Amino acid sequence: MACISPDGKPTESGTKMLRALQAGLKSPEEVAQETGLPLFRVRSGLREITQAGLAEQKEDRYKLSEKGAKLIK
Amino acid sequence: MEEIKEQAGHMPRIGEPAPAFEAVTTHGVLKLEDFKGSWLILFSHPADFTPVCTTEFIAFSEIYPELQKRGVELLGLSVDSVSSHIAWARNVEEKTKVKIPFPIIADLNKEVSLAYGMIHPGQSKTETVRCVFIIDPNQKIRTILYYPLTTGRNMDEILRIVDALQTTDKNGVATPANWRPGDKVVVPPPNTQEMAEERLKQGYECVDWYLCRKKL
C-alpha cells in the first residue's frame, strides 16, 4: 500500500491526494498537477484510495467520499 | 523448469503493444496503464545487492532528471521482494548518497519477467538479464536492449535512443549512425521514381537519392 499505511492512515502522498480532492471532482491529471506527484503515482494512488472507500470515481474523475472527508478533517 | 524454458521463449517485439501487467513495486501496486501518456523505460536487473546492478541503479538515478525533462518515467524490475528492494535502495543511499527515485517491481512470481522475455535460461534460469524496454506514450514497444549479466548498461546510449525516437516522432525523420541531438537527420527514402528525382532538387545534402540528410 503506497497511499494508506497498514494502520489505515493515509501516507504523506495519500494525504496530498485526498486534500487535492477536497475541492470537488478532479481528474488524475489535475491531481498530479496540484500535488506535484508523478501521474503514474496519482493513478495508482487514486485507485488505492477508492478501493479503501476514501474516494469515489465518477467516470474518469474522482471526489472525496464521506469517509475520506472525515479522515482529513 | 521446462515450463520456465517454454515461457522464456516468448519474446516481445518492437512495434508490438507492451504486455499489460499489474505488479507490486516499491511505490505500491502499479499497472502498465498507469504510465499511459508518458514514455516509460522498463528495465530488469539480475538481483539486489550485487555490484554491477548497484552501479547501474546509481547511473539510472543520475540520468533520471534528464529523462524527466523528456517526459520519460523509469521502472526497474527483478525477482527480489519489495523488502529486499527497499533495503537495497536504503543501503545505496546510505553508502553513496544517491537516492533511487523510481519504483522497482518485485516480480517474485516472474509474471512480468516472462511476459517480457527477461529470463534467458542460457544465462540464468532464476534471474532476469539486463533488459531495457523503451515504451512510448501509446504503450507500444519502441526499443529493446538486452545485456548479459556481466555487462553494465550505457546510460548515454539509452538517452540517445530516447532523443532519437522523440525526434523521429516529432519530425518524421530517421537518425543516422552515431547521431546526437543537433546533428543532421536522415530524410525518409522516396517511394517512387518521381519522388526520387524531386528529392534531388529539394536542397537536401544527398549522397544519392536514397541517402539525404537535412538540418532540423
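1. Which residues have the most contacts inside the largest nonpolar core? They are Ile41(B) and Leu42(B), in a core of 39 residues. A nonpolar core here is a set of buried Ala, Val, Leu, Ile, Met, Phe, Trp, Tyr and Cys residues joined through C-beta atoms within 7 Å. Buried means 20 or more other C-beta atoms within 10 Å of the residue's own, with C-beta atoms placed from the backbone.

2. The model is predicted: local features need pLDDT of at least 70, side-chain atom pairs count only at pLDDT 80 or more, and totals for chains, interfaces and linings use all residues. Residues are numbered from 1 along each chain as its sequence is written, while chains are lettered from A and ligands numbered from 1 in the order in which they are written.

3. Ile41(B) touches Val72(B), Leu74(B), Val132(B), Ile134(B) and Ile158(B), leaving aside residues up to four places away in sequence. Contact means C-beta atoms, placed from the backbone, within 7 Å.

4. Chain A has four helices and two strands. The order from the N terminus is α-α-α-β-β-α. Both are DSSP runs: helices are H or I, at least four residues; strands are E, at least two.

5. Of the 73 residues in chain A, 37% are buried.

Notes:
Buried ≥ 20, exposed ≤ 12 C-beta atoms within 10 Å, placed from the backbone. Contact = placed C-beta atoms within 7 Å.
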